[in-house]
Amino acid sequence: MSTSPTAETTTTSEPAATSGPTTADSTLVRAARRQPVPRAPVWFMRQAGRSLPEYRAIREHVPMLESCRTPDLVTEITLQPVRRHGVDAAIFFSDIVVPLQAAGVDLDIVPGTGPVVAEPVRTRADLDRLPELTPEHVPDITRSVQQIVAELGATPLIGFAGAPFTLASYLVEGGPSKNHERTKAMMHGDPALWHDLCARLAQISRTFLRVQIEAGASAVQLFDSWVGHLNRSDYLRHVEPHSRSVLEGVADLGVPRIHFGVGTGELLLQMAQAGADVIGVDYRVSLTDAVERTGGRYAVQGNLDPALLFAPWPALEARVREIVAEGRQAPGHIFNLGHGVLPTTDPEVLTRVVQLVHEASALEA
Ligand code: CP3
């Protein structure tokens, strides 16, 4: 097994030496840039969260949004899974609705439900009340990111934002939605209002990503979690230009951009071409098919079914090895789940998966 020149060589208490490894040398950033790596990087969507007892303890008396706006809590929660699992990247602890709240939208994150918006956006007058986001709205985000990257050393921090469609769905529906009916009604019934709403949301997401990158995030992920509910033609006409404006709007900052959605097998090429370096793949599409559908030009991220973490170890191990083998055929592979860690997942299984990915991907490197 080869040794990695990345994260684990940097855990000394000495100040960062200018000649030491940096996040640019990390397996995550290298794989995203389609450069060779000694072993596949691995992290998990929702790695910070309810699967960890140390997270449940820290959140016991603090509401979700308050915890997201308190730099010491954000720092501690972001670092918890890195310490515990030895993952190759931290994901910033926040939520896709944090920049909306910071800009002035009255909303809450209700435990067991998700984001709930007090006054949904359904008319031109509603949109006129949706403010732009400026960096001055989120000084706490800058501080949180700065603290985290100081602690992480050469391990990269992934910043993130919600994509315009997924954010619009929460704002228009007023909360989580199964069918996104009001959202689609606006998209098709009042395309001018829809485009203006998405342009405003793209401004908010772009600003939120820029703040995180300027404070030290080494990569970003744009979450378009619910865009798999659209067909390709509606995606291209009503959504892609806005997601593109977010992704292209951070291109000058030079960090890799990951673009992810659920059930997006039919949209992978279009989502990659919207300005991504890495295409996130959920568990419904094999990495082999994802590479083929995106012309072999993009790194891929994924794609273990989170439910498989509940299967007996031999079945889980076989599936992890298959994904690692498929990933080796891609121009770059970041191992992840096909969607977020489920709250009842045994965290020890996650740690074991990290070790297995490292071991299996190093063997034939
Ligand atoms: O570890 C990480 O991935 C970083 C943290 C993170 C959270 N939300 C924390 C969180 C990230 C990247 C998100 C993004 C997010 N939020 C998305 C996109 C990712 C995805 O899952 O597709 C979406 C759709 C949301 C909206 C949202 N926020 C939902 C659906 C929920 C879950 C509601 C519930 O209680 O089941 C939230 C709340 C939320 N965001 C939690 C966490 C850890 C749970 C809050 C808690 O601990 O009580």
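Predicted model: local features only at pLDDT ≥ 70, side-chain atom pairs only at ≥ 80, totals over all residues.

Visitor: Thanks! How are H8 and H10 oriented to each other?
Guide: Helices here are DSSP runs of H or I with at least four residues, strands are runs of E with at least two, and both are numbered from the N terminus. The axes of H8 (residues 164-173) and H10 (residues 191-214) come within 9 Å and cross at roughly 115 degrees; axes are lines fitted to C-alpha atoms, for helices over the stretch in contact, and angles run from 0 to 180 degrees between N-to-C directions. Angles under 35 degrees count as roughly parallel, over 145 as roughly antiparallel, 65 to 115 as roughly perpendicular and the rest as oblique. The two helices, H8 and H10, are therefore roughly perpendicular.

Visitor: Which residue classes make up the contact of H8 with H10?
Guide: Contact means heavy atoms within 4.5 Å, and on the H8 side it involves Pro 164, Phe 165, Leu 167, Ala 168, Leu 171 and Val 172, which meet Trp 194, Leu 197, Cys 198, Leu 201, Ala 202 and Ser 205 of H10. Ala, Val, Leu, Ile, Met, Phe, Trp, Tyr, Cys and Pro count as nonpolar, Asp, Glu, Lys and Arg as charged, and the others, Gly among them, as polar. By that scheme the contact of H8 with H10 has eleven nonpolar, one polar and no charged residues.

Visitor: How many residues of H8 are buried?
Guide: Buried means under 20% relative accessible area, exposed means over 50%, and partly exposed is in between, using a 1.4 Å probe and protein chains only. The buried residues of H8 include Thr 166, Ser 169, Tyr 170 and Glu 173. H8 is mostly covered, and the count of buried residues is ten of ten.

Visitor: What geometry does the aromatic pair of Phe 160 and Phe 223 have?
Guide: Rings of Phe, Tyr and Trp (its six-membered ring) pair if their centres lie within 6.5 Å, and planes under 30 degrees apart count as stacked, over 60 as edge-to-face and the rest as tilted. A search of the whole structure finds four aromatic pairs. In this one, the centres of Phe 160 and Phe 223 are 5.5 Å apart with 85 degrees between the planes, which is edge-to-face.

Visitor: Is Ala 161 buried or exposed?
Guide: Ala 161 lies in strand E4. Residues it touches, beyond those up to four places away in sequence, include Ile 96, Ser 205, Phe 208 and Leu 209. With a relative accessible area of 1%, Ala 161 is buried.

Visitor: Is Arg 46 buried or exposed?
Guide: Arg 46 sits in the loop between H1 (27-32) and H2 (53-59). Although not a glycine, Arg 46 has a positive phi of about 60 degrees. At 56% relative accessibility, Arg 46 counts as exposed.

Visitor: And His 180, is that buried or exposed?
Guide: His 180 is in the loop between H8 and H9 (181-189). His 180 is not a glycine either, yet has a positive phi of about 55 degrees. At 1% relative accessibility, His 180 counts as buried.

Visitor: Last one: what omega does the peptide bond from Gly 302 to Asn 303 have?
Guide: Asn 303 lies in strand E8 (residues 299-304). The bond from Gly 302 to Asn 303 is cis, with omega near -10 degrees.

Key:
Residues numbered from 1 in each chain as written. Heavy atoms only, no water.
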